[in-house]
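Here is a short briefing to read alongside the structure.

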Amino acid sequence: MNSGKRAVIAVEVKSDLRVIVRAPLRTANKDIERFLTEKSGWIEKHLGMAKEQQAKQSSAFTDREIKALAETAREDISQRVVKHAELLGVTVSRITNYDKRKLPDVLEYYAAKGCRAETLKDVM
């Protein structure tokens, strides 16, 4: 609890689940306790919100996990492309990924090389 040159009592719930109470320097403990009792619903609500936020953050992947998942996806995609290329009777020279925002540039590049782009709707 912080005391100092304040005019009112205030309570704050931190993201690390600490509850900070600020009160004027000469405020009686019973007044602070009464204030906290009155604000208990608000405090519980915000503690719950902070706990939910912590749970979301703790479920995020680490950099190491992301790299491992990316490598697994790269291998899986490569295997699937080769399999489907064989089924379609085509060969694959390379597999690349691209930024979807640059798709028009990619299509223009391959069109200039005499390639035709088809969507899945066109193929099916």
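In strand β3, I20 is the bridge partner of E12, so this pair is a handy place to start, given that two strands count as paired once DSSP finds at least two bridges between them. Please keep in mind that the model is predicted. The protein has five helices and three strands, and its elements follow the order β-β-β-α-α-α-α-α from the N terminus.

**The β2–β3 hairpin**
- Strands β2 (residues 10–13) and β3 (residues 19–24) run antiparallel and are joined by four bridges.
- Five residues sit between the two strands of this hairpin, and L17 adopts a positive phi near 75° there.
- V11 and V13 form the covered face of β2, while A10 and E12 form the uncovered one.
- In a regular strand, side chains alternate between the two faces of the sheet.

**The nonpolar core**
- Eight residues make up the largest nonpolar core: V11, V13, V21, A23, I32, F35, I43 and L47.
- In soluble globular proteins, nonpolar side chains tend to be buried together.
- Across the 124 residues of the protein, buried ones make up 10%.

**Salt bridges**
- The count of salt bridges comes to six.
- E12 and K14 meet through their side chains at 3.3 Å, N to O, and a network of salt bridges links E12, K14 and R22.
- E12 is partly exposed at a relative accessible area of 28%, and K14 is partly exposed at 27%.
- R18 and D16 form a salt bridge at 2.7 Å, N to O; R18 is partly exposed at 43% relative accessibility, and D16 is partly exposed at 41%.
- In helix α3, R80 and D76 lie four residues apart, about one turn of the helix, and their side chains form a salt bridge at 3.0 Å, N to O.
- R80 counts as exposed because its relative accessibility is 52% and the exposed class begins over 50%, whereas D76 is partly exposed at 32%.

**Surface and contacts**
- I77, V81, V92 and I95 make a nonpolar surface patch of about 290 Å².
- V81 belongs to helix α3 (residues 63–88) and is partly exposed, with a relative accessible area of 30%.
- The accessible surface of the protein is about 11100 Å², and 54% of this belongs to carbon and sulfur atoms.
- Of the contacts with a separation of 6 or more, 30% are between residues 24 or more positions apart.

Notes
Residues are numbered from 1 along each chain as its sequence is written. This is a predicted model: local features need pLDDT of at least 70, side-chain atom pairs count only at pLDDT 80 or more; totals for chains, interfaces and linings use all residues. Side-chain values use heavy atoms; hydrogens and water are left out. Patches are made of residues with over 30% relative accessible area and no salt bridge: like charges are joined within 9 Å, nonpolar side chains (Val, Leu, Ile, Met, Phe, Trp, Tyr) within 5 Å. Accessible areas come from the Shrake-Rupley method with a 1.4 Å probe; for residues, only the protein chains shown count as cover. A salt bridge is a side-chain nitrogen of Lys or Arg within 4 Å of a carboxyl oxygen of Asp or Glu. Buried means under 20% relative accessible area, exposed over 50%, partly exposed in between (1.4 Å probe, protein chains only). Contact means heavy atoms within 4.5 Å. A nonpolar core is a set of buried Ala, Val, Leu, Ile, Met, Phe, Trp, Tyr and Cys residues joined through side-chain atoms within 4.5 Å.
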